[in-house]
Amino acid sequence: MRKPLVARFAARFAAEAAVAATISLLGGAGAAFAGAVYVPVPDPINSTTGSTHAVQIWITNGGTASRPYTATYLTAESDGTQRSTTPPPQTAVAAGRTSVLGGVSTPGKNGILEINAAATMSIEARLYSTSGDAQTTTVTPVPVISSDNLFAAGSTAVLLGLRRDLTHGDVTSVGVVNLGQKAAQCQVDFFRADGTQIGATASLTFKPLSLRFFGDAFGLLSEQQTADARSQVSCDQPFYAYATIYTGASAEMMIVAPAGSGASTLTAPGGGSPDPPPSTGGAILFSAAGVFHTAAPGHEKKTFNIVLPNALSLRKMVIDMDVVPGPWDRAKVPGNHAILWLYRGKFRGNTIANVNAFSPPKMTLKAAQNVNLPQGSLTQEEQGVGWVQGQRYHLQYTYDAEHGSVTAVLSSGGTTLRTLQFASTAPNGVLDVPATGLTAEFGHYANQEGPEVASYGWSYANLQIMGVPY
């Protein structure tokens with residue numbers, strides 16, 4: 001692109017900012033917003049080359065009535081929970097219209113832009129990099145951080161394809177956003193392409209709702225030259241991580257979003273489930289294919305009442321299901337997030353399977369049963385698990401009454417992660433199931449007593465309950 005076009009970009013940003021200021025006067029006071037999203041905003045000027053980097057944001061109102069949004073810039077290293085008593089101005093967007101927001105960066109600083117918008121609004125961001133001689137402009141997507149793509153506390157974000165090449169002026173920087181509204185502890189690691197670690201693990205403290213930006217991250221670690229490297233970030237609060245790569249030859253700044261996971265629930269044609277339940281020679285008592293429950297406010301729990309044609313005397317029961325963890329509910333720490341509760345009749349002495357995940361700092365898988373036991377008695381086992389938000393896990397729970405054992409196997413992508421084993425207590429090696437059947441529950445209600453918390457955003461799929469008779 002030649003200079004006149006670049007100049008038009010700058011003029012358009014200025015005009016759009018003026019239009020946004022005018023429209024903001026139309027926004028009504030006390031408007032309700034569905035939630036906040038955060039857009040990384042890099043330093044707009046490279047002091048070495050004179051190149052410029054401008055973030056442009058599109059906000060479209062897909063609803064049938066005018067809706068406002070607000071935009072608040074948060075500088076890196078600041079506490080985002082400390083706000084002015086004067087609320088930010090509102091910008092109204094008419095139904096079906098698009099507002100374009102530019103000029104949001106601050107020279108010499110990195111930050112994030114908080115946008116509070118209605119649920120009917122869609123938000124897109126891009127970064128325009130213009131060389132110092134104004135001869136070329138390149139465009140790269142900018143992540144819009146929301147509840148859909150944040151990383152849950154205790155999970156790990158991986159940034160791939162990072163590099164440092166001072167011969168050509170290529171530099172990588174890393175940004176980590178603490179999305180929690182209290183201080184966070186994060187661990188940041190860097191690795192070369194051959195898997196060797198660069199420097200030691202960095203344990204860092206973050207202010208509430210804040211960005212920490214590490215310019216020339218490999219330079220900070222005295223790594224002079226590297227290619228195809230990666231960074232891994234984990235925090236004890238919800239978070240997001242990204243990288244910027246500045247390419248000296250083209251004055252382009254690219255933004256690197258976290259890598260995708262191979263633990264996808266999508267299935268290639270003819271592929272089948274990565275974790276198919278084994279054949280046990282039994283009869284299927286109940287099944288629910290696909291996603292049968294995603295916990296949401298007002299729909300925290302899913303219950304199946306499983307009525308049988310007749311009473312059963314089983315030597316074994318095998319339960320298979322998938323669960324995809326969502327965000328940790330921080331109402332209680334550590335919180336108990338339900339995976340499965342299967343029982344006959346009432347709770348006491350009738351629980352065949354009670355399986356739960358515990359949130360940070362505990363981070364465990366726990367399974368228990370109390371078949372035919374007196375009140376307050378149970379058998380159980382608990383092991384640590386590095387739960388990852390958005391990753392699909394498969395649970396196979398085998399109640400082997402004949403041999404007096406229970407085995408709970410947690411796997412992902414065909415790899416066994418944990419195996420829990422403890423005693424079953426069905427008398428005489430027989431698991432009796434009455435004709436009134438079984439009850440299967442998934443998720444906890446909000447505000448339950450004890451450590452139980454709602455599992456908003458968690459999904460449950462592919463349930464199969466199989467009984468093996470004598």
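Cys186 is buried, and Cys235 is buried as well (buried means under 20% relative accessible area, exposed over 50%, and partly exposed in between, with a 1.4 Å probe and protein chains only). The structure is a predicted model, in which local features need pLDDT of at least 70 and side-chain atom pairs count only at pLDDT 80 or more, while totals for chains, interfaces and linings use all residues. Residues are numbered from 1 along each chain as its sequence is written, and side-chain values use heavy atoms, with hydrogens and water left out.

One disulfide is present in the structure (a pair of cysteine sulfur atoms within 2.5 Å). This disulfide is formed by Cys186 and Cys235, with the sulfur atoms 2.0 Å apart. Cys186 belongs to strand β11 (residues 184-191) and Cys235 to strand β14 (residues 225-235), so that distant parts of the chain, 49 residues apart, are linked (strands are DSSP runs of E, at least two residues, numbered from the N terminus). The disulfide is right-handed, because the torsion about the S-S bond of Cys186 and Cys235 is about 110 degrees.

Ten salt bridges were counted (a side-chain nitrogen of Lys or Arg within 4 Å of a carboxyl oxygen of Asp or Glu). In one of them, Glu114 pairs with Arg83, the closest N and O atoms being 2.7 Å apart. This pair links distant parts of the chain, with Glu114 in strand β6 (residues 111-117) and Arg83 in the loop between β3 (67-75) and β4 (91-93), 31 residues apart. Glu114 counts as buried at 6% relative accessibility, whereas Arg83 counts as partly exposed at 39%.

A salt bridge also joins the side chains of Glu441 and Lys301 (2.7 Å, N to O). Here the two residues are 140 residues apart, Glu441 lying in strand β28 (residues 438-442) and Lys301 in the loop between β17 (283-294) and β18 (302-306). Glu441 is buried at 10% relative accessibility, and Lys301 is buried at 18%. The side chains of Glu124 and Arg126 meet in a further salt bridge, at 3.5 Å from N to O. Glu124 is partly exposed at 35% relative accessibility, and Arg126 is partly exposed at 34%.

Asp320, in strand β19 (residues 312-324), is buried but has no salt bridge, and Arg392, the nearest side chain of opposite charge, is 9.4 Å away (Lys and Arg count as positive, Asp and Glu as negative; His and the chain ends are not counted). The Asp320 side chain does make a polar contact with the side chain of Gln396, at 3.1 Å (a pair of N or O atoms within 3.5 Å; within protein, one must be able to donate a hydrogen and the other to accept it, and residues adjacent in sequence count only if both atoms are side-chain atoms).

Twelve aromatic pairs were found in the whole structure (rings of Phe, Tyr and Trp, the last by its six-membered ring, with centres within 6.5 Å; planes under 30 degrees apart count as stacked, over 60 as edge-to-face and the rest as tilted). The pair of Trp328 and Trp458 is edge-to-face, because the ring centres are 5.5 Å apart and the planes at 65 degrees. Both Trp328 and Trp458 are buried. The rings of Trp387 and Tyr393, with centres 4.9 Å apart and planes at 70 degrees, are also edge-to-face, and both residues are buried. One aromatic cluster consists of Phe286, Phe292, Phe304, Phe442 and Tyr460.

Conventions
Helix = DSSP H or I, 4+ residues; strand = E, 2+ residues; numbered from the N terminus.
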